[in-house]
Amino acid sequence: MAHDLLDRLRERLEELNRSERKVANVILEDPTVATSLSIASLAQAASVSEPTVNRFCRNFGAKGYPDFKIKLAQSLAGGTPYVTRAVEPGDTATQYTHKIFGATIAALDEAQREIDMGAVERMVDYLTQAKQIHIFGLGASGAVAQDAQHKFFRFNLPVMAYIDVLMQRMVAAACHTGDVVVIISYTGRTRELVDIARLARDAGAVVLGITAPNSPLSSECTATLEVATPEDTDHYMPMTSRVIQLTLIDALATGVTLRRGEDFLPHLKKIKDSLRDTRFPVEKPGK
């Protein structure tokens, strides 16, 4: 189990051969830093070979070093409620900063390996064909919905993010065939969003979900990007889940942009050029 990996490392330390014990000692000395090390860096710090590190990881039930790092990051869980699982009450700024970065990197790595690329393609297809796009999210996912609007408006079609439940219900009820509704929810268990997904589909819209696997919301969506992360948002502040949602939005926006082809690039350039006069010029060194 990921949550007791550090305990098992300590318990089995004397059972390990000399080389593997060196690896374990480096990890136990600062587990948070270890989550950010490459296999080459860890091998160098322990004065062993990279195959030894891989053998050590498999000895603890991991498929390889990347999988071991994810389990190690998850084993730093069980911290302060209502903050984040990675943090303990007495952590210093260095410790909790390293933990947050380590947990986020590990969660992104795991999510990347779980993503159904066929689902990405299907959602890009729907977004490319949309007449207009409505993006719904609540709480932390509401901020992600607003970020999605910032990305998707560049598609040269009507795009709006809604973070108010009543507005979401009215917009969903007023949808037509050709509209695409994107609903972002980490848990997929928010009653209002599940009802809104059903309303939008009944009105003729395509409903795309970025949510948890096998959730009530996913069952109401036309297509979903389903990602499970080891974050209990019932008891902790959303952190890694939000970063994963933002990254998925970036992937979808990139997919639609590429699907539009080179003829779409002048439109994107025009938007970028519109910001030029709002910024102070970059000063050259020596001036």
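The stops below cover a helix, some salt bridges and a cavity. Keep in mind that this is a predicted model.

**Stop one: helix 4.** Select residues 39–46, which make up helix 4, and colour I39, L42, A43 and A46, as these are buried. Now look down the axis of helix 4: its buried residues fall within an arc of 100 degrees, so they line one face of the helix. The general rule behind such patterns is that an α-helix has 3.6 residues a turn, so residues three or four places apart point the same way. What do the buried residues of helix 4 pack against? Show helix 2 (18–29), helix 5 (50–59) and helix 6 (65–75), and you have the packing partners. Before you leave, click on S47, which follows helix 4 and has a positive phi, near 60 degrees.

Since R55 lies in helix 5 and E20 in helix 2, the pair ties together parts that are 35 residues apart in sequence. E20 counts as buried, at 5% relative accessibility, while R55 is partly exposed at 40%.

How many salt bridges does the structure hold? There are eleven. Select R12 and E15 for one of them, with the closest N and O atoms 3.6 Å apart. Here E15 is exposed, with a relative accessible area of 61%, and R12 is partly exposed at 21%.

Next, go to helix 9 (residues 140–152), where K151 and D147 sit four residues apart, about one turn of the helix. Their side chains form a salt bridge of 3.1 Å, N to O. K151 is partly exposed at 23% relative accessibility, and D147 is partly exposed too, at 21%.

Then pick E121, D125 and R259 together: a network of salt bridges links them.

**Last stop: the cavity.** Searching the whole structure turns up one cavity of 30 Å³ or more. The largest cavity holds about 80 Å³ of space. To find it, select Y186, I210, V227, I244 and Q245, the closest to its centre of the twelve residues that line it. Strand 4 (206–211) and helix 12 (240–260) are the elements that give two or more residues to this lining. Helix 12 gives the most, with four residues. Colour the lining by type and you'll get seven nonpolar residues, five polar and no charged.

Note on methods
Residues are numbered from 1 along each chain as its sequence is written. This is a predicted model: local features need pLDDT of at least 70, side-chain atom pairs count only at pLDDT 80 or more; totals for chains, interfaces and linings use all residues. Side-chain values use heavy atoms; hydrogens and water are left out. On a 1 Å grid over the protein atoms alone, a cavity is a set of points where a 1.4 Å probe fits but cannot get out, and a pocket is an open set with protein on both sides within 12 Å along at least five of seven lines; lining residues have an atom within 4 Å of a point. Grid points are joined across faces, edges and corners, and a volume is the space filled by probe spheres set on the points. Ala, Val, Leu, Ile, Met, Phe, Trp, Tyr, Cys and Pro count as nonpolar, Asp, Glu, Lys and Arg as charged, and the others, Gly among them, as polar. Buried means under 20% relative accessible area, exposed over 50%, partly exposed in between (1.4 Å probe, protein chains only). The arc is that of the directions from the helix axis to the C-beta atoms. Contact means heavy atoms within 4.5 Å. A salt bridge is a side-chain nitrogen of Lys or Arg within 4 Å of a carboxyl oxygen of Asp or Glu.
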